[in-house]
Structures are given as C-alpha cells and as structure tokens.
Amino acid sequence: MTIFGVPTQALFGQLLIGLINGAFYAMLSLGLSVIFGLLNIINFAHGAQYMLGAFVAYFALSWAGLGYWPSLLIAPIVVGAFGMVIERTMLKRLYQLDHLYGLLLTFGVALVVQGVFRNEFGSSGLPYAAPPQLTGGYNLGFMFLPTYRGWVVVVSLVVCLGTWYVIERTKLGSYLRAATENPALVQAFGINVPRMITLTYGFGVALAGLAGVLAAPIYQVNPLMGADLIIVVFAVVVIGGLGSIMGSIITGFGLGVIEGFTKVFYPEASNTVIFVIMAVVLLVRPSGLFGRTA
Amino acid sequence: MTVMRALVVAVALLAVALPAHAQISDGVIKIGVMNDQSGTYADLAGPGSVVAAKMAIEDFGAAKKNMKVEVLVADHQNKPDVGSSIARQWFDADHVDVIVDVPTSSVVLAVNQVAREKNKALIVSTGATSDLTGPQCSPNAIHWTYDTWSLANGTGSAVVKTGGDTWFFLTADYKFGHDLERDTEAVVVKNGGKVVGKVRHPFPTSDFSSFLLQAQASKAKVIGLANAGADTTNAIKQGAEFGIVKGGQQFAGLLVFLTDVHALGLEKAQGLLLTESFYWDLNDKTRAFSTRFAERHHQAKPTMAQAGVYSSVLHYLKAVEALKSDDGPKVIAKMKELPTDDPVFGKGMVRADGRKIHPMYLFEVKKPSESKGAWDYYKVRATIPAEQAFRPIDQGNCPLVKK
C-alpha cells in the first residue's frame, strides 16, 4: 500500500522520526513558555543555553571523566545556575520595562556566549559519544530505531508532562501563577517572589541545558547548534501560543511530525514549512493555537 | 582666479583618471579574503585562510621587494547577495585588486559576475562548482584547489570500481550540491553504476534522520553525500546511529575536509574514502608548511582549502611582480602563462579556462589504531596524476577555449 507513491511502512518510520525531533522542539519551547508565562521575558538566550548544556557534558567528560549519566544532572544544574546569575544581575532590572528590552538583552547574551565558544572551539563541532547502554537499536520491521532516539522521546515526554503537572496542578505551581498575576499580593502572603522568579528562570534555562545534553550524542557538540534551532523553536512557541505550557508541548511534537513528512514529500521545503504554518496561524488566530487572547 | 582654480582641479582630475603605464594601482596590492568567518564553513577555510594568505605574502618576501601588500577580510555568510555587495564595496570603494578563497558555489558565481563587470581578479580556492571553468569561465577568474568534477572523478570512480554500483544521493539543495551530484552521477553511470534515488536537503540541515531512512529504504549500496562541512559530519554521525554501515550500506563523502574528519573523530570516520588535493603529511615540504601554519592557527593543520589560498596568493604575487601591474585580467593572463611552483602542490600550471592543474589524491581515513595522534588521519590510496585529475579542457564548454 502506498500514499502518494510512498509506502505506508516508510511513513510509519517518518512519523516516529518526526516525534523524536518534536521531542526537542517540545522541551525547548516548554522552557521558553515557562519563562515567558511566568516572567514575561522573551528568552532569546535559550539556544545558547541549550548549546551550553551540550558543552558542559563535553567538558565533564574530557576534563573530569564524568560520562553521560552524571552529565544529565550536572549540565542542567550548571546551566541553570548560569541562567540565575544572569537573572539576578541583569534581567531583574528589566521587569518594569517593555518586553523588547528583555529580548535585546538575552539576544546580546546569546551572541556573546556563542561568539566566545566559536572563537575557542571552532564551528565544526566536537564529537560526543552516546553511552554504551543506549547504543545499538531495534528493528521494528518498518524501520531501524536507534535506542538513543527512543530514550530521547521518553525523557522528553516525562519532563514535559512533569513540568505541566507541577505548574498547572500543584500548590507550588499555583503560587507561581499567582505571582505573575499579582506579585505584590503574593508577597504580602509571605512568599519570597523575587527568589521564586529567579528559580523559575533557572528551571526554564535548566530545561534548555538538559535538551543540550540529550542532543550532544546525536549532533556534534557545536557552538552554533542552538543558533540553528532557536528560530524554529520560537516559531513553535508562537504557533502554540506564548505562555501556554500544554500548547507548546503539543505543538512541539505536532510540528516535528509535519516537518518529518515534509522531508519525504518535498524535502526542499522542510525548513520553511514551520514558518508557513506560523504565518497561517498568525493570520487566523493571532494569539496562537492554544494561547489566551490578550 | 576662478579660471585658475578650475584649471588646477582639471589637472588634478586628469592625473587621477590617467594612470601612468604599468603600475600598481594606488601603490598598494590589496588582497581580499572573502569567506565564511563564522558559520558552517568557518573551520575548513575561515580565519585559517587569512593566516594562509598572510604566510604567502611573507614567504613571497613582499616587504624585502618593497611591495606593499594588504589583506582585507570579509564574512559573506554563505549568502550570494552578501558576497556580491561586499565585492562591489571592495572593488569600488576599497580598491581591492583580487578576491581570494570564496567558499560556497552560489556565492562564487555571484562574485564571479562582479569581478568580471569591474574588471578585477578572482581566485577561488574553497568554492567547488566546476561551472567556474565551464560555461561561466571568465578571463578574470582562476579556480585553484579542486572542483566538483575532480571530486566526483576521484571518489566516485574509486567507489564504483570497488563494487559500489548503486547510489543514493543526499544533496545539499544549492548550486554546489547540484553540481557535485551531477558530476558524480555522470562518473557513476560512465563506470557502469546506477543512481536509484536522491533527496535534496536544505542547506544547512542538522537532523538527517528522515533522509537517512529514505536512503536506507532505497537499498542502494552507496549513499553519496553531495554536501560539505557540518552537513556531511552530521549525516555520517547519524548514519552510524541508524546502523547504515552495519546494514551493509556505505557512505561516500564527496567533499570531506580534514577538519570534518577531526570533528567526527576516527571512530566514526574510519574507512571513509575521500578525494583532496592536499594533505599535510604528504612530503617534507607539506609537513614544514603545515607545522608553520599550525603554530599560527590553534595548532590545527591546514585543509586543502587553506593550502590553496596560500598557493594561489603566492602565485598571484609572482605574476604581479613579473608584470609590474595589478590590473585584473592582465595578472590573470600572466598567472596562466607562468608555471606554478610552491611547497603545497609542487609544480603545476593554470589552463586557459582558468583551471589550476595539479595531482589529486584518493585518501582513506585511518582506523583509530593506525593513527599516531591528532591530525594523523589519512593514508593515500591512489594518486591521480595532474593530467587526469581535472575535466579535459574541451569538455567544459568554456567560451574562452577555442575549439
């Protein structure tokens, strides 16, 4: 059986690949959404922070001999801490100003970080191997699934749903949401709002760092890896609706699948299809598919 | 008084407009190194090409010969529009005499037009399109280091002859990829092979899994990578993940630079066949040059692209010296007249169609156990003699070549 000349068997494979790539989009756009939803900061440094995650994993291995598994924990913490320093020293001065200032600041930070790394490590990237437990793969009949890719989807789903649950369904999450609505009132209840905001930013950035570690064995550890991805991820967030957490998760996976199919039927358009969708969505629903109307 | 002033102005203008015979324009030879300084092709050419150009000027002994030579650098970001506007700015306002290096075939052809229009010189080292010495050849341009035809001829025929007779192409979707695919397909078919499928991926692409799956489904014996830089390394790295080589298929990297192998690591790159015109460890002269280069460039050995910049700038300066002029097409003509000789490519020549001729080498990437350390990556599988390494001059359809 074929669809438009492509065997259905092959399409299953592409569907799965789409979900895998969607997993990265989902994790990165989730971090962006958390940061925007709770801090009102458009975090353009997200791509650079994702790249830092991969580099921390690389440094941990080559300098301290720490392999992939410890890096899964270390890299998000290190990158998250870096994010919190930026929030404490720079971003917090901008909360009263227009969104544009936060965007410009984080964009500048991204350029500086990427420039420094590119200068130091070049643009072709450094090799990073997958852990031995996750090499190899399974023959699913319709495709060969590398174990590592399957692992990425599982981790991403767990992290995404966990984050959604914490923010939408727990007491901590309700504090966070309340603090964005009315920080003064929440502070009056004895909650340290500035610290909560710092930790939230740190968490969003840590998500980017984690995605970076997950990406390291698939792509090269490359100073430009985030710069290539961040624009697509922003498109995902715009399509899903800025600040909507479930929206970015669903859109992330969905667009991964659409992009995957485009690579089969019309590969030349595979890096523009997301932007076409973005333009259409903005025309029809300016606040995004899952966004609240402002 | 006003008449007097007008006269002085007129004389001054005339003095500018009518340069004396044979001389260096504005007293300085300006060499513009135009390449990708920050993107995917920055490591294989980029700042390293600037180092190579400066080494050529020093080795030529410009200072001793009282020739003033300056190097300008610009980042064309792999975009043809950016490249041609830099070229215009350089030729019109900055009085640049020659543009060298220029990776990215689409940019090469754009800059080629500008150089021709402004009657200046262009010497391409990193750009690959064989059209530069074919239909688009120009009296203002020389193609120095390699081209898509020579890559296809080296790797393509070697792979078909060792049994890789069915091909699937992963092609970067722009001029370079299309040309490399076209030239390789011709070689494959000529040697009795068959192309069973191809997919054109956006440039640059970081995730190749979809394309690799299509290549796997095609059951082709050989997956030809008609791309370069990070595209190639990502495809090979992810190919290992998807068990391409274990499943009995083989990659043919049609344009692989030393820096790509360095980035991949020998574990992933071992066994890969590739064609280049230069490797640092070929002979004493290349080793000596490469050691000096590495000292000035983060201990990295030069790629063939960077070696090509060195060699081409050296020959350019020799031609300017002989001609005592930096007039674009005249220097290019002189460069074609003089035989070439330098430490990186040895003796060679430049053909009438602008093609620089030297041997090409078919290399195989070493196993990790065979390598003595960083940058010890290749062993020579075959040397393709200069006269066979490039497209015969009568087959390129270059208008400069009289039939």
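Which residue in β7(B) does B:Phe169 stand opposite? The legends below take up this pairing and its surroundings in a predicted model.

**View 1. The pairing of β6 and β7 in chain B.** B:Phe169 stands opposite B:Lys198, a residue of β7(B). Strand β6, residues 166-172 of chain B, is joined to β7(B) by seven bridges. These two strands run parallel.

**View 2. The open sheet of chain B.** Four strands make up this sheet, and their order is β7-β6-β8-β9. The pairing is parallel. At the edges lie β7 (194-201) and β9 (250-253) of chain B, each of which pairs on one side only. From one strand to the next, the twist averages 20°. Helix α6, residues 175-190 of chain B, packs on the sheet. The helix touches β6, β7 and β8 (222-226) of chain B, and its direction makes about 165° with that of β6(B).

**View 3. Strand β14 of chain B and its two partners, β10(B) and β15(B).** Strand β14 spans residues 360-365 of chain B and is mostly covered, with five of its six residues buried. Four bridges pair β14(B) with strand β10, residues 273-276 of chain B, in the antiparallel sense. Within that pairing, B:Glu276 has B:Tyr361 of β14(B) as its bridge partner. Pairing with strand β15 (residues 378-384) of chain B is also antiparallel and runs over six bridges. Here the bridge partner of B:Val365 is B:Tyr378, in β15(B).

**View 4. The contact between domain 1 and domain 2 of chain B.** The domain assignment gives domain 1 as 25-146 + 282-350 and domain 2 as 149-276 + 360-381. Taken over C-alpha atoms, the centres of the two domains of chain B are separated by 27 Å. Domain 1 of chain B gives 17 residues to the contact, and domain 2 of chain B gives 19 residues. On the domain 1 side, the elements that give two or more residues are α4 (105-118) and α12 (304-323) of chain B. The largest share of that side, three residues, is from α4(B). By class, the domain 1 side divides into seven nonpolar, seven polar and three charged residues.

**View 5. The side of chain B that touches chain A.** In this interface, 33 residues of chain B are in contact with 31 residues of chain A. Four elements of chain B, namely β7, α7 (209-217), α8 (229-241) and α9 (258-264), each supply at least two residues of the chain B side. Helix α8(B) provides the largest share, seven residues. The chain B side has 15 polar, ten nonpolar and eight charged residues.

**View 6. Chain B as a whole, for orientation.** The chain holds 14 helices and 15 strands. Its C-alpha trace spans about 90 × 40 × 40 Å along the principal axes. Chain B has a radius of gyration of 22 Å, which agrees with a compact globule because a globule of 403 residues would have a value near 22 Å. Of the 403 residues of chain B, 58% count as buried. Among contacts in chain B with a separation of 6 or more, 72% are accounted for by residues 24 or more positions apart.

Methods. Residues are numbered from 1 along each chain as its sequence is written. Chains are lettered from A and ligands numbered from 1 in the order in which they are written. This is a predicted model: local features need pLDDT of at least 70, side-chain atom pairs count only at pLDDT 80 or more; totals for chains, interfaces and linings use all residues. Two strands pair if DSSP finds at least two bridges between them. Axes are lines fitted to C-alpha atoms, for helices over the stretch in contact, and angles run from 0 to 180 degrees between N-to-C directions. Two residues are in contact if their C-beta atoms, placed from the backbone, lie within 7 Å. Ala, Val, Leu, Ile, Met, Phe, Trp, Tyr, Cys and Pro count as nonpolar, Asp, Glu, Lys and Arg as charged, and the others, Gly among them, as polar. Domain bounds come from an automatic or database domain assignment. The radius of gyration is taken over C-alpha atoms; the globule rule is 2.2 Å times the number of residues to the power 0.38. A residue is buried if 20 or more other C-beta atoms lie within 10 Å of its own, exposed if 12 or fewer, and partly exposed in between; C-beta atoms are placed from the backbone.
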